[in-house]
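Subject: Structure handover

Hello,

Here is the structure you will be working with. Please open it and keep it beside this email as you read.

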Amino acid sequence: MPSNPTSGGLKGFLQRAYGSSTKAYASILPLCSRTYAFLSRSGFVISATLFVTLIPLIMEIDREGVVMADEKLKVADLRSKGFQDSQMMQMGLSESAVYGTSVL
């Protein structure tokens with residue numbers, strides 16, 4: 001007895017379901033591959049941009065904190081030696097280190 005794809009019962013149902021699922025897979029596959037390619041390129045561009053901009057910014061903020069701590073130590077040393085605020089400003093020390101004000 002030859003198998004008929006339009007036969008009824010469970011076997012016919014499964015054969016029709018398999019046929020429609022393979023058609024759906026064949027039509028969805030190009031869309032999925034294009035979406036994957038777009039998202040992978042976009043992810044690379046976004047991560048590269050963040051890497052190029054955020055890493056130097058974080059390093060600069062850290063360096064600025066180290067410089068401020070160093071200047072505060074210099075100001076404390078110069079004050080112990082009797083220097084005035086105006087003299088320290090003329091030496092090139094920052095105003096925030098001399099007067100102790102900070103934005104952060």
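Below is what was found in it, from the overall layout down to single side chains.

One thing first: this is a predicted model.

**Overall layout**

Start with the whole chain. It has three helices and zero strands. Read from the N terminus, the order of elements is α-α-α. Helix α1 covers residues 9–80. Helix α3 covers 95–99.

How much of the chain is buried? Of its 104 residues, 9% count as buried. The chain exposes about 8700 Å². Carbon and sulfur atoms supply 68% of that area.

Now look at contacts along the sequence.

**The core**

Which residues form the largest nonpolar core? There are seven: Met68, Val75, Leu78, Met88, Leu93, Ala97 and Val98. Two elements, α1 and α3, each give two or more residues to this core. Its largest share comes from α1, with three residues.

Find Ala97, one of the seven core residues. Leave out residues up to four places away in sequence, and Ala97 touches Met68, Glu71, Lys72 and Val75. Met68 and Val75 are also on the core list.

**A nonpolar patch on the surface**

Nonpolar side chains also sit on the outside. Ile46, Leu50, Leu54, Leu57, Ile58 and Ile61 form a nonpolar patch on the surface. Together they have about 570 Å² of accessible area.

Take Leu54 as an example from this patch. Leu54 lies in helix α1. Is Leu54 buried or partly exposed? Its relative accessible area is 39%, so Leu54 counts as partly exposed.

**Salt bridges**

Side chains of opposite charge can pair when their charged atoms come close. How many salt bridges does the structure hold? It holds four.

Where do they sit relative to each other? Arg63 and Glu60 are three residues apart in helix α1, so about one helical turn separates them. Arg63 has 44% relative accessibility, which means it counts as partly exposed. Glu60 is partly exposed too, with a relative accessible area of 36%.

*Asp70 and Lys74.* The closest N and O atoms of this salt bridge are 3.7 Å apart. Both residues lie in helix α1. They are four residues apart, about one turn of the helix. Asp70 is partly exposed, at 36% relative accessibility. Lys74 is partly exposed as well, with a relative accessible area of 42%.

*Lys81 and Asp77.* In this salt bridge the closest N and O atoms are 3.4 Å apart. Is Lys81 exposed or buried? Lys81 has a relative accessible area of 57%, so it counts as exposed. Asp77 has 38% relative accessibility, so it is partly exposed.

**Where to look first**

Start with the core list, from Met68 to Val98. Then turn to the surface patch, from Ile46 to Ile61.

Best wishes

Methods:
Residues are numbered from 1 along each chain as its sequence is written. This is a predicted model: local features need pLDDT of at least 70, side-chain atom pairs count only at pLDDT 80 or more; totals for chains, interfaces and linings use all residues. Side-chain values use heavy atoms; hydrogens and water are left out. Buried means under 20% relative accessible area, exposed over 50%, partly exposed in between (1.4 Å probe, protein chains only). Patches are made of residues with over 30% relative accessible area and no salt bridge: like charges are joined within 9 Å, nonpolar side chains (Val, Leu, Ile, Met, Phe, Trp, Tyr) within 5 Å. Accessible areas come from the Shrake-Rupley method with a 1.4 Å probe; for residues, only the protein chains shown count as cover. A nonpolar core is a set of buried Ala, Val, Leu, Ile, Met, Phe, Trp, Tyr and Cys residues joined through side-chain atoms within 4.5 Å. Contact means heavy atoms within 4.5 Å.
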